[in-house]
Amino acid sequence: MNKFQKTKTIECKDNGRSADATSANFILGCRDQNNNPYCQYCYVHRFNRPSVYINTNTDEILYACDQWVKDKPLIKTPNQVHDKLYLIDIGCDVDINKYWNKYNWTYVFDWFKNHNRLGATFATKWHNPLLLKYDSNKKIRIRYSLMPENIRKQVETSTSHILTRIKGAQKMYEAGWEIHFNLSPIIYYDNWLKDYKELFNIINNEVSNDFKAQCGLEIIFLTHNANLNKINEDKGLNESLLWNPAIQENKVSKYGGNNVRYQWQFKNQLINDITNLINNDLGIKIRYIF
């Protein structure tokens, strides 16, 4: 169920990972036709909100982004996000490609495209062919989320196939877009590295060397939440991939509350393992990993 409103939380917040900052929500939520979350692990659903909230005060949200950048140096110091532009993540709590027809995203894109200091970015689990004809002028970065297909079928059951995303990413690059990959969340299980090796082989077969040269990786290992675990179990969902206290520890997240993550010594080994595999098999630069 969609609910239209004017958000009162109009703040552009520093980020430093996926982007330099995060905008207020244009849309909050992401649910399928049965009003269930598309992704079992998604932090947006830890509070079990009944609706998807579509915020209509677009100009106020954009104004807050403009005010945020006015406090930043006129010439940006290059960082892992971008060398020249201050990037704003505009889709932290919604998949823009999936909700393309629910908002005037072209208006939002145009605003960032015409801003002399800002650009925008969002992650997605869908390919939107309608964007192939939009001239982003390299000011909008799309980050395609990827994981092994056999795991997607278990924890992202209603999202698009991984091969569809990879093929779509190459098409978007050829149409003039800046495209990155988002390996998130990485979930540990038996033979996980073997599955990622197969995923990287698929990427190598589907994207060009030029694509790989402009691409960056953001890599985030699974963070889960006790409340979300209970919500999922109450729905009869299998949590065995996501909830594993034997190898997880408590974590207080900056914005996400009290969560669990892989135990830090164990996670450090996982980070080393995936980093070595990427360097040996994929050859795309890692922007950040945690």
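Visitor: Is Cys-42 buried or exposed?
Guide: Cys-42 is buried, at a relative accessible area of 17%. The word has a cut-off: buried is under 20% relative accessible area, exposed is over 50%, and partly exposed is in between, using a 1.4 Å probe and protein chains only. Before we go on, this is a predicted model, where local features need pLDDT of at least 70 and side-chain atom pairs count only at pLDDT 80 or more, while totals for chains, interfaces and linings use all residues. Residues are numbered from 1 along each chain as its sequence is written, and side-chain values use heavy atoms, with hydrogens and water left out.

Visitor: How many disulfides are there in the whole structure?
Guide: First the idea: a disulfide is a covalent bond between the sulfur atoms of two cysteines. Here, a pair of cysteine sulfur atoms within 2.5 Å counts as one. Searching the whole structure turns up 0 disulfides.

Visitor: Now the rings. How many aromatic pairs does the structure hold?
Guide: A pair of aromatic rings is described by the distance of the centres and the angle of the planes. Rings of Phe, Tyr and Trp (its six-membered ring) pair if their centres lie within 6.5 Å; planes under 30 degrees apart are stacked, over 60 edge-to-face, and the rest tilted. By that rule there are 20 aromatic pairs. Take Phe-109 and Phe-122: their centres are 6.0 Å apart and their planes sit at 25°, so this pair is stacked. The pair links distant parts of the chain, 13 residues apart, with Phe-109 in helix H2 (residues 105-113) and Phe-122 in strand S7 (residues 118-124). Helices (H or I, at least four residues) and strands (E, at least two) are DSSP runs, numbered from the N terminus. Both Phe-109 and Phe-122 are buried.

Visitor: What about Phe-181 and Phe-211: which kind of pair do they form?
Guide: A tilted one, with 5.3 Å centre to centre and 40° between the planes. Phe-181 lies in strand S9 (residues 178-186) and Phe-211 in helix H6 (residues 209-214), so the pair ties together parts 30 residues apart in sequence. Phe-181 counts as buried at 0% relative accessibility, and Phe-211 counts as buried at 0% as well. Ring pairs can also chain up: Tyr-188, Trp-192, Tyr-196, Phe-200, Phe-221, Tyr-262 and Phe-266 are linked into a cluster.

Visitor: How do I read a strand such as S8?
Guide: Look at its cover and its partners. Strand S8 (residues 140-146) is mostly covered, with 7 of its 7 residues buried. On one side are Ile-140, Ile-142, Tyr-144 and Leu-146, on the other Arg-141, Arg-143 and Ser-145, and all are buried. Two strands pair if DSSP finds at least two bridges between them. S7 and S8 pair in the parallel sense over 5 bridges, and Phe-122 stands opposite Ile-142 in S8. S8 is joined to S9 by 6 bridges, and those strands run parallel. Leu-146 has Leu-183 as its bridge partner in S9.

Visitor: Which strands make up the open sheet of 3 strands, and in what order?
Guide: The order is S1-S5-S4, with mixed pairing. Strand S1 (2-5) and strand S4 (27-28) are the edge strands, each pairing on one side only. S1 and strand S5 (residues 52-55) run parallel and are joined by 4 bridges. One example is Asn-2, whose bridge partner in S5 is Val-52.

Visitor: Last one: which helix gives the most to the lining of the second largest pocket?
Guide: H7 does, with 3 residues. Helix H3 (149-155) and helix H7 (226-234) each supply at least two residues of that lining.
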